[in-house]
Each structure stands twice: as C-alpha cells, then as structure tokens.
Amino acid sequence: MLRFAAPLLLVAAAPAADPYLWLEDIEGPRALEQVKAWNAETAARLTQDPQYEKDRARAKAILDDEAQIAGPDIIVGDRVLNLWRDAKNPRGLWRAADLAGYTAGRPKWTTLIDVDALGKAEGQSWVWHGARCLEPDYTRCLVSLSPGGTDADTVREFDLSTQRFVDGGFVLPQSSQSAAWIDRDTLLVARDWGAGSLGRTGRPRIAKVWKRGMPLSAATTVYEQGPELTPIGVSAYVDATMRRPVVRAGKTFFDSDFLFRVPSGAFVKLPLPERADVVDVIDGRAIVRLNRAAAGQPAGALVAYPLDALDRGEAPRAEPVFSPSPTQAVEEVEATDGTLWVKVLDDVSGKLIALTRGADGRWAQRAIPLPANSTIHIVGASGKRDMAFATVEGMLTPPTLYSVSAQGPVAKVQSLPARFDAAQFDVTQRFATSRDGTKVPYFLVTKKGAKRPGPALIHAYGGFRNAQTPTYLTDQPYRAGPLALTFVERGGAYVLANLRGGGEYGPRWHEAGLREKRQNVFDDLHAVGDDLVRTGVATKKRIAISGRSNGGLLVGAAMQQRPDLYGAVIAGSPLEDMQRYTKMSAGALWIDEYGDPDKPADWAFMRKYSPYQNVKAGVRYPPVLFYLSTKDDRVHPGHARKLAALLKANGNTVYYNEYLEGGHSVGADHAEDARRAAMLQAFLTREIGVGK
C-alpha cells in the first residue's frame, strides 16, 4: 500500500505548555469569542454557495416531512408511546395510541407532553431524553428532560391516566443519572449524591433506594463502587430493561458487574465471565452476550443464566442459546414473554431470528421472512402479546415498519414513500484489502451514467463495537438530512465503510482495532480510499472522509497519515487531543478503548496517531470542517477547538461550526440539522468539486 511519508518534518503540535489550553474553558469569554469568530468566518464562506439556500430548504423539508415512521418508543400494556418531531414541534410531542390501531396502521394519537410548550412555559430549552414506565399497570412514568441536550438531565414523575406531572411526585434534579421503578412508591436511583459520589468521569458510582415521601437525602445505599476499583472510577448505574431492578456497575467501558434484586431486597451480583453483557431477561433467565469465549461457547454467542439460583443463594450455570457463524454478529436482542428476538448481521446485512425455549431446555430458531440485503432494527416489543416491531431499509429503499410474531405472519404496519427515484442509482457491496490482508467491506452508491472517476465521500466510525449499517440516502449518519443523496445526485460516489473497531463481525472485529491495534482502523480506511482509486471510482485529492465522535478521531488521524489521498475532511464532535482526553469531560470512560496516556507504555502507541500531537510544520493537510456543540458534555469541545487553532496557525484551511445547543448529537432541532446539511454540501462542493 502506498503510504505518505515526509522526511525530517518538524512537529508543530503543542509543546509541554499547551498554547491553546485556554480553548478548553468551555464557556469562557475568550474561548467563546474565538468560537463566534470562527463560526462567522465559516458561515460567510459557505452560505454564499449558490446552492446553499436550496439545499437548506430541501433538508429542512425532508426532516420535517410528516411522512415519518412513528416508531413504538415504548409499549405500555395496550398502548404505544412515541416522540414525534416535525416543523411545528421541533422538540417533539410525546404521545400515545392504542396498540391495536397502531399495529393496523391506523393509530389515533393523544398528546401527553408538548415538549416545546413545556420548555416555553418553564423557561427551559428542554430536549427529550426518554421515559420509563412502571409495569404492569403502566400508569406512572419517569420522564427525563435535558436542558439544551446535555447528557445530564432531570427526571420527573408523570401520570399517564391524568396526562400530567404528579404533584408532589418523584423529582430528581439535574445530574448524570438513571432511575428505575422498584414499585409504585420506590425507585432505584444512581446519581450525584453530593461530595465524593461521582467517579472521575462525572458518572455516578453509588445506587440508592428512594421511597416516596422521603427526602432524597434519606435514600438508602444498596451499592457503592469504590473509586479505587478501576483507574477511572467508573460509574455504577441503573438499567431498568431487565424486568427486575438491576444495578449495572461498570468496571471498564466494556466490562460490568450486574446486580439483580432478589426477594430479600438485596442486590446480588450475577457471576459472569469477563466482558459479558446482560442484554435482557426472559423466562426467569438473564440472556448474556459473551464478548470473549467462555462457558464452552465462542465469543459473540448468547447464553442464559437462571435467576432463581440467585434467589436461592446459588451460582447459576450458563445454558447455550445461540452461536453466530463466522460471518455473523449478534447486534440487537429483545425479549417478549415467550420469544427472544435476535437481530444478527451477516456480512453486514440484517437478519431477524425468533428463539423459543422448549420444555427440554433447547432453543429453537425461526428466521423471520423480512427483505434480504437490508438493514434491520428491532424498535419495540409487546411482552404479553409476544410480538415485536422491526424497521427494514436500504440505501435506496425507504424504511418500512413490520410487526412480527414467533409463529404468525409478518405484517406491514407503515411504509414511507420514496423521496427520490432509486432507478437512477446503483448500490454495491465491495471489499478492500487492508495493509495486513484483512478484507474490509464497504457499500458504494453511485449515479448511473455519472462520469468516472469523480469525487467520493467516505463515512466511517471504527470503534466501540458500533456497526455501520446502510440506511436510506436521506437519513445517513450525519443527522443532517439528504447530504448523501445530494452528493450522489450531483455525480459523487457515497461510501459507507465497515472498519475494524466496529461490531460488524462481532468481538473479533472490535478487538482488532483496540488500543495498540488502532492503526488497523486507519489502515482499513486508507484501504477503502485506495480501492476507490484503483477501481476508477475516484481520484486522489477528490476523496472526502467523514466521521463523528470516535469517527472524528479517525478522520483526524487519517488526514495526517494520508494527505496525498484525501481532499476534504468532515469531523463531527471529534476527539483530537489524545494526551489530555482522559481529563476532558467523559473521556476517562474510554481508557479501555484507547489506552491511558498517563501510562508511558500506552502513550507510546497513542502518540503515533493523536491528531493534536501530530500536526507537522510544512505539510498542507486537506481542508477540514469541524462541527460540534458547546453543550457536549461527552466529548469536550476543546478537542475540535484546539486542533482547529493549531491547523490554522500552520497555514491550513479550516472551517468551523460550533452550535450552542444540541449536546453530543449536535443538532437540537431540525432547523440546525438542515443548516448543517447545506453547509456540509457547500464545503464538499468548494473543496472537492462535487456538482461543479
């Protein structure tokens, strides 16, 4: 593989005394003044594009289109709850419909909470963070709302029958927190309890039981994780999806203890192999995904642990449930009363399998007949009706919502109309060969008859077990409307790459990109870019790369390693300073993924790719556009700010757009998302010539 190299280049990155440390002051006047100046400069350059306003309006119309899948966010007994966002309701309507009417495709919605109106009445910029409702009556819910989209939120008790917040009900002030119902008058809560109750990352490490009528300060501790147990003081938090109250206590980002409540009221740890995850509970059994081989089963398999053994004070033994093939990965699991629904990837194509446990203890499999070569997501389930809902889509196929049952037929609930003529495009899956010989899949969308070679846009992530699967072209992973569609319509080639570090092939694919192996991820991206050149799809310097969050780190490193290959870079909410990332916002949570820069052995391999430390004097890097949010309390905005400043100081072309709200996902509403889509398109037009 061709590797870019330049001899004896001077490293221009920050010395021991970081000259841009002041940009880490998130709300500091000097930092915000600089951000506003960069924002204005970028807006002046990109909004003047002749297509900008047309692209913005089109993106806004698509995002606001009421022809959306109204997903079953929560199914509570015989009702479906859903958050609906459109042009009139940018923050959303939380609403309910009868399950029978919903399944038949004729829902009649009743509004429970108008999030926009609530924010206006209370003088808050509320962003919906979800709700958890008490089984089996489903009359009370815990509603989470975030001011401006931060991870930290408030929790308030809501009565579904009166459609009002409960006067004098449970209220948890803003914190990094989670809460689960134990019964109508008791909650299990993990949050900030005061001095010393948070770990190094600002996440809770203490779970308590809080009874109605008691002051929050009187809640009783049921689990406390000592900050000395891990190098990052990892949090303990509550997971309420297990049908028993559960405390999940993180030891590292990928390894947790799961403590189930037993009849005595105590929380007892389920003895699991290293890096195993409890993914749901069915028939009194905890369903566990093995991320390393254990219990006679391979990595990636599902096993079951009978919980009645915990109730008796015994250690449960693992029972085999499902083992994926070498090309498969278990991605999603959802339990109903009698069926375990498992979504697997098979060479990155989705399949849905229904598993049922027989009297002999064996699990029978039934493949659900959904369209092949598609992306499938389990989006909801009704326990007592033993049915699930799944969406199916492809890059050229709009989403369709299906209801499925273990033995019954598959029924179409809702299908979105096409937003473009799919016949004008081609989609193929290809495999590039990485530096070490690994075959790396990627999806390629091109317009029939478009001149080749031409410009290309590669989107990738490559980390944290997160698989990148194809979605409809108007809903690619930017939260920015039809950017991918517009790019391909104007003659570009759009690529979704499935790099190592993700979950496309299960634990082995993820672990191949961890820590000291991270260069594999960068090599995989370069391999895809080189394959586009080799096959005549694109030419060097007319390939743009895009990534968000961990993907922002990916493209930051990639542009420095191969400035000969890439012509433009889009970095959303990125990590960039890997020497200080553990000291910035929630960064210390991710030591298990990247390594600990305070350990010389770890910093030795991290130093080789950390973007902020590898800017070299005399090199002209591809133009880069950073987009992010001031309110991001997951990835610190200082990462993008500092790298932008350093690149600009060394004469490189930098575009910068920092939103004041929106949190880690950036856009707080469709208007911001549409503006970003148009700016990204103008950036690509300007720098790699798509549409010219």
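Reader: In this predicted model, which residues does S573 touch, not counting residues up to four places away in sequence?

Author: S573 sits in the loop between β35 (566-572) and α10 (591-594). Its relative accessible area is 2%, so S573 is buried. Leaving out residues up to four places away in sequence, S573 touches R548, S549, Y627, L628, D632, V635, H664 and V666.

Reader: With which residues is G587 in contact, leaving aside its neighbours within four places in sequence?

Author: G587 is placed in the loop between β35 and α10. With a relative accessible area of 0%, G587 falls under the 20% limit and is therefore buried. Apart from neighbours within four places in sequence, the contacts of G587 are Y581, T582 and R634.

Reader: How far apart in space are G587 and A538, C-alpha to C-alpha?

Author: Along the sequence, G587 and A538 are 49 residues apart. In space, the C-alpha to C-alpha separation of G587 and A538 is 36 Å.

Reader: Which residues does the disulfide join, and what is the S to S distance?

Author: The structure holds 1 disulfide. Both of its cysteines, C133 and C141, are buried. The bond joins C133 to C141, with an S to S distance of 2.1 Å.

Reader: What is the handedness of the link of C133 and C141?

Author: The angle about the S-S bond is 100°. With that angle, the link of C133 and C141 is right-handed.

Reader: Where is the peptide bond from E135 to P136, and what is its omega?

Author: P136 lies in the loop between β5 (126-133) and β6 (140-147). The peptide bond from E135 to P136 is cis, with omega near -5°.

Reader: What is omega for the peptide bond from R452 to P453?

Author: P453 belongs to the loop between β31 (439-447) and β32 (454-459). The bond that leads from R452 to P453 is cis, and its omega is near 0°.

Reader: Is R275, with its positive phi, buried or exposed?

Author: R275 is a residue other than glycine, and its phi is near 60°. R275 is found in the loop between β17 (267-269) and β18 (277-282). The relative accessible area of R275 is 8%, which is under 20%, so the residue is buried.

Reader: What is the phi of V348?

Author: V348 lies in the loop between β23 (340-346) and β24 (349-357). V348 counts as buried because its relative accessibility is 1%. Although V348 is not a glycine, it has a positive phi of about 75°.

Reader: How are α8 and α9 oriented, parallel or perpendicular?

Author: Two packed helices are described by the angle between their axes and the distance between the axes. The axes of α8 (residues 519-534) and α9 (residues 550-561) come within 10 Å and cross at roughly 65°. α8 passes α9 in a right-handed crossing. The two helices, α8 and α9, are therefore roughly perpendicular to each other.

Reader: How many nonpolar, polar and charged residues has the contact of α8 with α9?

Author: From α8, the residues Q519, V521, F522, L525 and H526 meet L554, A557, A558 and Q561 in α9. By class, this contact of α8 with α9 has 6 nonpolar, 3 polar and no charged residues.

Reader: How are α2 and α13 oriented to each other?

Author: The axes of α2 (residues 52-64) and α13 (residues 670-688) come within 8 Å. They cross at roughly 140°, and α2 passes α13 in a right-handed crossing. The orientation of α2 and α13 is therefore oblique.

Reader: Which residues make the contact of α2 with α13, and how do they divide by class?

Author: On α2, the contact is made by Y52, D55, R56, A59, K60, L63 and D64, and on α13 by H670, A671, D673, A674, R675, A677, A678, M679 and Q681. By class, the contact of α2 with α13 has 8 nonpolar, 2 polar and 6 charged residues.

Reader: How do the residues of the contact of α1 with α12 divide by class?

Author: The axes of α1 (residues 29-46) and α12 (residues 638-649) come within 12 Å and cross at roughly 65°, and the crossing is left-handed. A31, L32, V35, W38 and E41 in α1 meet R641, A644, A645 and K648 in α12. The residues of this contact of α1 with α12 divide into 6 nonpolar, no polar and 3 charged.

Technical notes:
Residues numbered from 1 in each chain as written. Predicted model: local features only at pLDDT ≥ 70, side-chain atom pairs only at ≥ 80, totals over all residues. Heavy atoms only, no water. Disulfide = S-S within 2.5 Å. Buried < 20%, exposed > 50% of the residue type's maximum accessible area, 1.4 Å probe, protein only. Axes fitted to C-alpha atoms, helices over the stretch in contact; angles between N-to-C directions. Helix = DSSP H or I, 4+ residues; strand = E, 2+ residues; numbered from the N terminus. Parallel < 35°, antiparallel > 145°, perpendicular 65-115°, else oblique. Left-handed = near helix turned anticlockwise from the far one by under 90°. Contact = heavy atoms within 4.5 Å. Nonpolar A, V, L, I, M, F, W, Y, C, P; charged D, E, K, R; others polar.
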